[in-house]
Amino acid sequence: MPNDNTPMPSRRAFAGLLTASAGLAALTACTPKDGVPSPAAASMPAQGDVTSAAPASSSPAATATPSATTEPTIAATPAPAPSSTIKPQHSLTDPTSPWVIVNKHRPLNPQDFVPADLVQPAIRLAVSGEAALLNSTTAAAAEKMFGAAASEGVIMTLASGYRSYTTQVSTYNGYVASTGQAAADRASARPGHSEHQTGWSFDIGDGGGACSFQPCFAEQPAAIWAKANAHKFGFVVRYPWMFHDTTGYFYESWHLRYIGVDAAVDMATRGITTLEEYFGLEAAPDYL
Ligand SMILES: [Zn+2]
């Protein structure tokens, strides 16, 4: 999500697209930071995730998890938990932990957490300011992943990284004032509930610039490559296709989250697609 001070050029166009798709109760973890929501944006989810309304057959990239060997069956498989061979095991609550889980049931603690090691990664940036920052571990992993993708001819950009609590407050409050809380909750994560605040997650764009934060991003080279390869670098597609009842957000093919190579590969190998399931946590479709 564009959350820096530079509005994404595609925002208005995307708002129009969303208008055309109104009626889709999409949620998004990636909040636009245009400051003042436009009426169009207010009438619908501000971005992304609308993919969930598209027929599965329309997007090969959106139909299955990468290297999944079985169909994800959340209900049938109680609390898988990370393989015990993964050492060390990390905290699920400490925001400095690569396994911290932030969702609509699990706010950051403290809510105004700021990573102590924010850095600007040496990768292609589509943003500036705080949104160009990641925590140092995530930045290093992103540099490796972007480099590997480039070596295969796929150019990724950093479309949005860190977002401060202060930024989230102003963004969310802008939506509430403009559209009311219910609509705001569809358009923006509440302050203290955005994974972007941890420094462990970011949104990618495609070097070609197409479809940023839009459903069609799933079919861009960067998204296809990330879906197939991100786990090798410690990342998961945090809000996978058809798991909004678990994660609280519809499909975001652009939103990646670092959890470490061992855990990400473990998830991919076992065909587990959400962090909630992997860590044995309750589904978080809505705020409590
Ligand atoms: Zn995001």
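**View 1. Glu195 is buried, with a relative accessible area of 2%.** Buried here means under 20% relative accessible area, exposed over 50%, and partly exposed in between (1.4 Å probe, protein chains only). The model is predicted: local features need pLDDT of at least 70, side-chain atom pairs count only at pLDDT 80 or more, and totals for chains, interfaces and linings use all residues. Residues are numbered from 1 along each chain as its sequence is written, and side-chain values use heavy atoms, with hydrogens and water left out.

**View 2. Glu195 and Arg238 form a salt bridge through their side chains, at 2.9 Å from N to O.** Glu195 sits in the loop between α5 (181-187) and β4 (201-206), and Arg238 in strand β5 (residues 235-239), 43 residues apart. A salt bridge is a side-chain nitrogen of Lys or Arg within 4 Å of a carboxyl oxygen of Asp or Glu. Helices (H or I, at least four residues) and strands (E, at least two) are DSSP runs, numbered from the N terminus. Arg238 has 1% relative accessibility, so Arg238 counts as buried.

**View 3. The side chain of Glu195 also meets that of Arg257 in a salt bridge (2.9 Å, N to O).** Because Arg257 lies in strand β6 (residues 252-258) and Glu195 in the loop between α5 and β4, the pair ties together parts that are 62 residues apart in sequence. Arg257 is buried, at 0% relative accessibility.

**View 4. A salt bridge joins Arg238 to Glu276, with the closest N and O atoms 2.8 Å apart.** Glu276 lies in helix α9 (residues 275-278) and Arg238 in strand β5, so this pair ties together parts 38 residues apart in sequence. Glu276 counts as buried, at 0% relative accessibility.

**View 5. Salt bridges link Glu195, Arg238, Arg257 and Glu276 in a network.** The structure holds 5 salt bridges.
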